[in-house]
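Here are my notes on the model, as numbered points. Please read them with the structure open.

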Amino acid sequence: MRAFRYHRPADVAEAVAVLTAEPHAAYLGGGTNLVDLMKLGVQRPDVLVDVTRLPLDTVEEMPDGGLRIGATVRNSDLAAHPVVRRDYPVLARALLAAASGQLRNMATTGGNLLQRTRCVYFQDTSKACNKRKPGSGCAALHGQNRDLAVLDWSEQCVATHPSDLAVALAALDTVVEVHETDGPRDIPIAELYRSPGAHPERETTLARGALITAVRLPPLPAARRSTYLKVRDRASFAFAAGSVAAVLDLDGDVVRDVRLAYGAVAHRPWRAYRAEEELRGRPFSPEVAARAADAELAEARPLRHNGFKLPLTRAITVRALTELASS
Amino acid sequence: MTTGAVGRAYPRLEGPAKVTGTARYAVEYPVDGVTYGWAVPAAVVRGRITRIDTTDALASPGVLAVVHHGNAPRMALGPQPELRLLQEPAVHYRGQYVAVVVATSLEAAREGARLVRIDYDTGPHSTVLTDDHPGLYKPDQVNPSYPTDTAEGDFDAGYAAAPVRVDVTYRTPAYHNNPMEPHATTAQWHNGQLLVHDSTQGATPVRATLAELFELPPESIRVVAEHVGGGFGSKGYAKASVVLAALAARHVDRPVKLALTRQQLFGPVGYRTPTIQRVRLAADTDGRLTAICHDAISQTSTIREFAEQTAVYTRSMYAAPHRRTTHRLVRLDVPTPFWMRAPGECPGAYALESAVDELAIAVGIDPVELRIRNDTAVDPDQGRPFTSRNLVACLREGAQRFGWAGRDPSPRSRRDGRWLIGTGVAGSSYPARARPSTATATARPDGSFLVQINATDIGTGARTAIWQVAADALGVPPEKVEIRIGDSALPAAALAGGSMGTASWSWAVIRAAQALREKLRDGGPPTGEVTAEADTTEEVGGQPALPRYAYGAHFVEVRVDADTGEVRLNRMLGVFAAGRVVNPTTARSQLIGGMTMGLSMALHEEGLLDERYGDWVNHDLATYHITGCADVESIEAYWLDERDDELNPAGVKGLGEIGIVGAAAAVANAVHHATGVRIRELPIRLDKLIGVSDLA
């Protein structure tokens, strides 16, 4: 692997300044993804800016009832946080469904949001990948694509976003706090990630050098009735074959509000607005949930090996919402 | 001998060294002036190197050399063409090693390898196994030396005449050997002598291979393999890492450490071939088999023929008057398949024991009972009585322990909420063999003993088992005995493979101990060291050719999510008849390890080949799934108290492989019982079962 320099900034401003000034710098959080990619030659930064010592490791309860989670809070600590467990079970469950205990002990909130796809063609520099090397082609489109996208993919890229955490945060309408050269900025999580389009190498709307400093969960009393279901090919330590984050607010049996987001189906955590629309104001039933999922998936375009993701996503939508409705 | 050391659950001797990290593996030995090698794989499927540009690599900090076919030390044309590495520009498969970069640090070597530029002329390739591939042919024999085809009676007529018939085709994907320690070597040349620390299952055969390749007398080469982090068969012979490290060390005239990455283990070190297996069974209405046919298709590379003995399991397992087995092979532009835990028997048993389950349903007889009805005391293949065959006892004891009685045979007959629950059974057998070995036993003046044999402990507990056997053979408490293994400087012995390690090594150790006791007949410690040696070549070679097998029965309960298709294991129980068990702790570990690997085969593992690249794309443990702890909710292994005097002096049958044979079929049969859906292509993953609640 390439020799690199290591820099530990004193504060957020310095971190952003260094990263902006250096053309090939990268932030280092838990290192659970970046270091692997460096070994594989997929990412080749010449400076690592270690942000893990910055004072971003606290979880604060906000005056409005929301929660502010520092970017360097470890995934295992966040999953165990009593307020998260009580008020946002969808988030705690998503975190615990992810990776392995060892990885959760290292992975950070900010790093988790910015982890790279696990598409095997992206991870192998001997094969074509537009995300890794723009213009080289997408080997996955007609290759082994069982794990890849069914929604919103382009001819340039069919990769999925791997994060479980991001799916839960998408359902919670999280605000991502970032620090850029010009200072702090808030980005709704729905605006953080990009569709692949013609430029799959541009994965987020973050400016060069931007550092995620925190994520802010809005107060959402309904989220006490929330869950995360993840289906995978073995019982632990596997990326999702399908996942759903769900928040359900019932008035009697009528859906007053609902938040749904899917993992493993698209280039970004997939907020299922259309399904939500189908559900809102209707008396809840599993059949209604199934129709809602079908509406969301109506525009899906399965690849050669991943058509199963449609019935799977439908099944876990029904199950998650039915469980919440009866809880 | 129940009062002796054999049969007791001694903790493994090297346990403290392993858990404290002092046990050294192949690239962990401190070496002065060491350098690091990094293998460069070919990036084309088939072709010829036209140019290697090493300028950038050699300019990279720390890089000492790029060794390739243009500058590598010359090697002889050995018996294994795939080991003649870096000798010619031809590329036979993607991932074949075409260069090695040597540098002063591991990272520098890796970076240097990235900077080597190689141009190729390429040609068309064929990388996918199909049952109608135009290149299919009949090999002369199958691994290791079985006849390719066998036939008894008249299968076609017998099959056609039978009232009950099953004709089904099963497919298994490529499975990849992933021992915890990768293939890894430290190589050092001193004055024309070669010392290698190698992660191998047999230091003696590695020494022989290196001697041939480098045209040296074997005495000039020493191979040390004190601790080995697993192998599953992939380290059964010398492999690329040892050859590359030795070549590189000779080229730079410094010691070289070379370890393959996890990604590099997918391919060139040997994998389990994909298979396509057609099984036809015919029976009378009582379930007695009248005709059995097993046609197996598998692949090999263009440089070496490895013909897996997939259908051999079927030759001796169940009796029938009309039987036929065939093997066909195709040479593809892929790495050579090789041994992986019970090569042949493992995938073959998956097909046969699944087909027997299908027959049981077709004829309406319980699958345990059906197997019992088709038991045979005489090996259908050899026509001689088995030295011992306790398949029926395993089935009966397993059924009793598992709670098989009263099982409703109808598929989808049990449900617990969203889970469909089912149970399955399969038989298991594996040959009990031994190979010639030599050993020495030494009595020391202080009353202690030293036993030396070049056995290998790849994590199985072999060292401890030999120590127990040696103590009993010497007639002393085991604390008086010191064991030395894992070094080609010790008396030559069989490799750790084919479930014959303990049988082979114990044999030589017992004979050496007996010879020593003869020498010490007067009793009391000697005044100087007294050594006796033994060589079992004649005795093993003179063993009558009898059918010797271990047996087992697997019982599995699974649950399948009716909506998502997820399969989870509720419990797995195996009962085995494997001769005398030397150490219950390590034996149990071997058996549940084999059973877990069978579960992994059934539900999780699959090498996904991208035919355009001729490469397995899921080449790491994040994407090539192996069963994890959370997948094994309950697993139990038992064994019968078996005595068989026609085996070897220790009375042991191997345990390394019997645990995996049949395990995948038991899982698959349980999935069918749970869902009513028969998945005939492994692995049984959720995409093949999703929505089974909609299926009748």
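1. Start with the helix pair in chain B. α5(B) and α6(B) cross in the right-handed sense. Bear in mind throughout that this is a predicted model.

2. The geometry of that crossing is as follows. Helix α5 of chain B covers residues 203–214, and helix α6 of chain B covers residues 240–252. Their axes come within 11 Å and cross at roughly 45°.

3. Now the residues in contact. α5(B) contributes B:Val206, B:Leu210, B:Leu213 and B:Phe214. They meet B:Val242, B:Val243, B:Ala246, B:Leu247 and B:Arg250 in α6(B). By class, the contact of α5(B) with α6(B) has 8 nonpolar residues, no polar ones and 1 charged.

4. Turn to chain A. What is the strand order in its open sheet of 3 strands? The order is β1-β3-β2, with parallel pairing. β1 (5–7) and β2 (25–28) of chain A each have a single partner strand, so they stand at the edges, and one side of each lacks a neighbour in the sheet. From one strand to the next, the twist averages 25°.

5. One pairing in detail. β1(A) pairs with strand β3 (residues 47–50) of chain A in the parallel sense, over 3 bridges. A:Arg5 stands opposite A:Val47 in β3(A).

6. Last, the helix on this sheet. Helix α1 (residues 12–21) of chain A packs on the sheet and touches β1, β2 and β3 of chain A. The direction of α1 makes about 150° with that of β2(A).

Note on methods. Residues numbered from 1 in each chain as written. Chains lettered and ligands numbered in written order. Predicted model: local features only at pLDDT ≥ 70, side-chain atom pairs only at ≥ 80, totals over all residues. Heavy atoms only, no water. Pairing = 2+ DSSP bridges. Helix = DSSP H or I, 4+ residues; strand = E, 2+ residues; numbered from the N terminus. Axes fitted to C-alpha atoms, helices over the stretch in contact; angles between N-to-C directions. Contact = heavy atoms within 4.5 Å. Left-handed = near helix turned anticlockwise from the far one by under 90°. Nonpolar A, V, L, I, M, F, W, Y, C, P; charged D, E, K, R; others polar.
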